[in-house]
Amino acid sequence: MSESPLALEPVVVATILAMAFLTYATKAGGLWLVGRIDLPERAETGFELLPGVIVVSIVAAELLEGGPTEWLGGAVVALVAWKTENLLLALLAGVATVLVVRSVG
């Protein structure tokens, strides 16, 4: 009898669970620690901006490797983010733009 393609190796499952636990512990520990330390205003501002900076770095890398379709999507993201100040809506609009242009062309 052959092994099912959906069979899970115990070592793989244990590794994934350990990685998930360590990731959660790192995040929870960091939040716990930051809640107990009086951070300077500059550090607090940096932590508040960090998620946006990470998104921008990912998008910028894609734009550098992309073509006109991706640049149009990036422009839509910038415009929607500027008008609505809603990053999630802006990203969704940019992705939708790229998908529509790719399906038409």
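Modeller: The second largest pocket holds about 210 Å³ of space, the volume being the space filled by probe spheres set on grid points that are joined across faces, edges and corners. A pocket here is an open set of points on a 1 Å grid over the protein atoms alone, with protein on both sides within 12 Å along at least five of seven lines; a cavity, by contrast, is a set of points where a 1.4 Å probe fits but cannot get out, and lining residues have an atom within 4 Å of a point. Please keep in mind that this is a predicted model, in which local features need pLDDT of at least 70 and side-chain atom pairs count only at pLDDT 80 or more, while totals for chains, interfaces and linings use all residues. Residues are numbered from 1 along each chain as its sequence is written, and side-chain values use heavy atoms, with hydrogens and water left out.

The lining of this second pocket is made by T26, K27, G30, L31, V34 and F47. Helix 1, which covers residues 10-36, gives the most, with 5 residues; helices (H or I, at least four residues) and strands (E, at least two) are DSSP runs numbered from the N terminus. By type, the lining divides into 3 nonpolar, 2 polar and 1 charged, where Ala, Val, Leu, Ile, Met, Phe, Trp, Tyr, Cys and Pro count as nonpolar, Asp, Glu, Lys and Arg as charged, and the others, Gly among them, as polar.

The largest pocket has a volume of about 310 Å³. Its lining has 14 residues, and V59, E62, G94, V95 and V98 lie nearest the centre. Helix 2 (41-65), helix 3 and helix 4 each supply at least two of the lining residues, and helix 4 gives the most, with 6. Of this lining, 8 residues are nonpolar, 3 polar and 3 charged.

E62, which sits in helix 2, counts as exposed at 52% relative accessibility; buried means under 20% relative accessible area, exposed over 50%, and partly exposed in between, with a 1.4 Å probe and protein chains only. The C-alpha atoms of E62 and G74 are 9.5 Å apart in space, although the two residues are 12 apart in sequence.

Side chains of opposite charge can pair when their charged atoms come close. The structure holds 1 salt bridge, meaning a side-chain nitrogen of Lys or Arg within 4 Å of a carboxyl oxygen of Asp or Glu. E70 forms this bridge with R102, the closest N and O atoms being 2.5 Å apart. The pair links distant parts of the chain, 32 residues apart, with E70 in helix 3 (residues 68-84) and R102 in helix 4 (residues 87-104). In the loop between helix 3 and helix 4 lies E85, where phi is near 55°, a positive value in a residue other than glycine.

Finally, the whole chain has 4 helices and 0 strands. Its radius of gyration is 21 Å, whereas a compact globule of 105 residues would be near 13 Å; the radius is taken over C-alpha atoms, and the globule rule is 2.2 Å times the number of residues to the power 0.38. The C-alpha trace spans about 60 × 50 × 20 Å along its principal axes, and 8% of the 105 residues count as buried.
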